Amino acid sequence: MYRAAFIAFRTCHLARLNLGDEISIVAEMERAGNLESVGGKRFIGNLYHDAGLHSGANIETEISTLKQYTRRRQLAEALVSASTLLQKGEDGAAVDALKAVTAVQRATSTPPYHFVGSLIDKYTCLRRPLVHGLLREGETMNVIAPPKTGKTWLTLDFALSVATGLKWLGFDVAPGRVLILDNELHAETIGNRLPRVAEAKGIARDRYENKIAYELLRGNLKDIFTLGPMLNALEPGYFSVIVLDAFYRFLPKDTDENDNGSMAGLYNQIDAYAEKLHCAFVLIHHTSKGLQSGRAVTDVGAGAGAISRAADCHVILRPHSEEAAVVLDAAPRSWPPVLSRCLRFEFPLWTPAPDLDPTEFKRANAKAKKPEVSSTPTEPAKVEWTTTSFVAALISQSPKLKGAILADANEKGLTDYKAVKFLEKAEATGQAFRWSNGGNKPPSFATIPQPKLDLQPKVTGGECESVFPLKETLRGNSHSDTHPRRKTKSQGSVTS
């Protein structure tokens with residue numbers, strides 16, 4: 001039974017026909033006379049269905065295939081007719097039959113390109129945003145982090161944000177359903193962790209229990225291709241996001257993740273799933289060994305370079321110099337560049353940490369040295385800076401230029417980034433005040449407000465006293481010898 005079907009597949013392949021064309025396989029088996037012996041057209045249909053090669057989700061593709069087969073049949077019939085007429089000597093009729101062949105060829109041939117005008121008219125806007133700034137419908141996003149960093153907690157947080165439409169790590173999220181295909185955790189672990197994250201985010205169970213779906217594959221692993229039947233059975237558009245956690249366990253057996261061709265093929269299959277299901281895919285993956293602080297964003301992640309290039313968004317987490325903190329960077333394809341930001345793990349959530357400097361990555365530890373015996377006193381402990389201590393140490397009642405404040409902060413061990421943040425907070429909380437120096441000159445800062453110049457005349461004894469007494473004095477004594485710039489001839493100088 002299966003041998004006959006295999007022979008039909010092989011024949012179509014050698015004839016350069018479409019292997020996914022069920023109609024061609026049926027026609028080939030009819031020609032070979034073994035279609036009914038295997039169970040007829042129903043057997044072939046069931047074979048395709050079980051393999052996930054077609055479903056109601058791709059009816060447009062099936063219709064297109066049917067049209068192509070019909071045109072091929074028309075072309076074959078026209079060629080047979082022309083050949084028969086030529087053998088009978090009916091040249092005129094044969095010429096007409098050949099013209100029919102040409103007409104069929106023109107009807108069946110479509111150019112393998114599109115002019116840009118039709119694309120502009122057809123696609124007037126980008127695809128629907130799912131995570132603003134990072135991800136759209138039909139796209140694929142990598143989330144890369146070192147092993148044991150807390151990627152699962154991050155995934156659960158993401159799923160809850162999708163289910164409820166709450167922000168995720170500071171990014172706006174469109175509400176929808178999410179399916180998580182997890183091949184690492186036990187059901188007990190998921191059942192314990194998800195409510196903890198929901199409670200920390202202040203989300204009631206009834207807001208997410210019918211929005212987040214799980215398929216646990218630990219002990220029953222499936223690769224990207226064998227997921228086909230399950231994914232093809234889903235209703236297109238039902239889930240807005242499908243998460244694969246962890247990506248490395250979805251690689252087919254004996255696949256080398258460092259092979260660009262293999263990785264490109266896997267992402268191509270994921271793109272096909274995303275297009276068919278009208279959803280986005282999020283792949284949770286790990287970094288290679290060692291610190292990644294010196295690498296470009298798209299170079300971070302274990303495996304071939306095609307992993308970052310094939311994805312529509314590449315999100316990475318790298319350890320920050322502060323314990324339990326990371327730096328988030330992202331390289332999206334359909335969004336503007338994303339500014340680096342810091343996150344801090346406050347169990348069980350990763351939360352934005354705007355007080356941290358995203359340029360301060362964790363560095364490799366230097367080789368440990370033996371402590372040297374010294375008679376000098378030990379250095380004071382590292383200062384824990386606050387906005388109040390920053391103002392007390394670097395700003396006074398006398399206005400100081402911003403550049404001078406940053407320079408003094410550098411000498412005390414603060415980076416420009418942290419110093420600017422403290423200065424902004426000090427100004428926002430009224431602990432420091434901005435002084436204008438006029439024009440385009442840089443401002444100064446002091447602990448007291450800048451005095452305002454009073455241009456109103458002062459009233460003393462019922463008379464207005466000018467705010468420019470010197471000018472009045474000069475005006476009243478303009479012909480006097482006491483004018484500061486006028487000297488008499490007897491003093492031996494020319495009058496100014």
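Hi everyone, let's start inside the protein: the structure holds 1 cavity of 30 Å³ or more. By cavity I mean a set of points, on a 1 Å grid over the protein atoms alone, where a 1.4 Å probe fits but cannot get out. This is a predicted model, in which local features need pLDDT of at least 70, side-chain atom pairs count only at pLDDT 80 or more, and totals for chains, interfaces and linings use all residues. Residues are numbered from 1 along each chain as its sequence is written, and side-chain values use heavy atoms, with hydrogens and water left out.

The largest cavity has a volume of about 50 Å³, a volume being the space filled by probe spheres set on the points, which are joined across faces, edges and corners. So who lines the largest cavity? The lining consists of Met141, Val143, Lys151, Leu154, Thr155, Phe158, Trp168, Val243, Val282 and Ile284, where a lining residue has an atom within 4 Å of a point. By class, that lining divides into 8 nonpolar, 1 polar and 1 charged. Here Ala, Val, Leu, Ile, Met, Phe, Trp, Tyr, Cys and Pro are nonpolar, Asp, Glu, Lys and Arg are charged, and the others, Gly among them, are polar.

At least two lining residues each come from β3 (140-145), α7 (151-164) and β7 (280-286), and α7 gives the largest share, 4 residues. Helices (H or I, at least four residues) and strands (E, at least two) are DSSP runs numbered from the N terminus.

Let's stay with α7. Its axis and that of helix α8 (residues 187-201) come within 10 Å and cross at roughly 60°. Axes are lines fitted to C-alpha atoms, for helices over the stretch in contact, and angles run from 0 to 180 degrees between N-to-C directions. On the α7 side, Thr152, Trp153, Leu156, Asp157, Leu160 and Ser161 meet Arg193, Leu194, Val197, Ala198 and Lys201 of α8, with contact meaning heavy atoms within 4.5 Å. These contact residues comprise 6 nonpolar, 2 polar and 3 charged.

The axes of α13 (residues 402-411) and α14 (residues 416-428) come within 9 Å and cross at roughly 125°, which makes α13 oblique to α14. Lys402, Ile405, Leu406, Ala409 and Asn410 in α13 meet Asp416, Ala419, Val420 and Leu423 in α14. This contact has 6 nonpolar, 1 polar and 2 charged residues. Thanks, everyone!

How values were computed
On a 1 Å grid over the protein atoms alone, a cavity is a set of points where a 1.4 Å probe fits but cannot get out, and a pocket is an open set with protein on both sides within 12 Å along at least five of seven lines; lining residues have an atom within 4 Å of a point. Angles under 35 degrees count as roughly parallel, over 145 as roughly antiparallel, 65 to 115 as roughly perpendicular and the rest as oblique.
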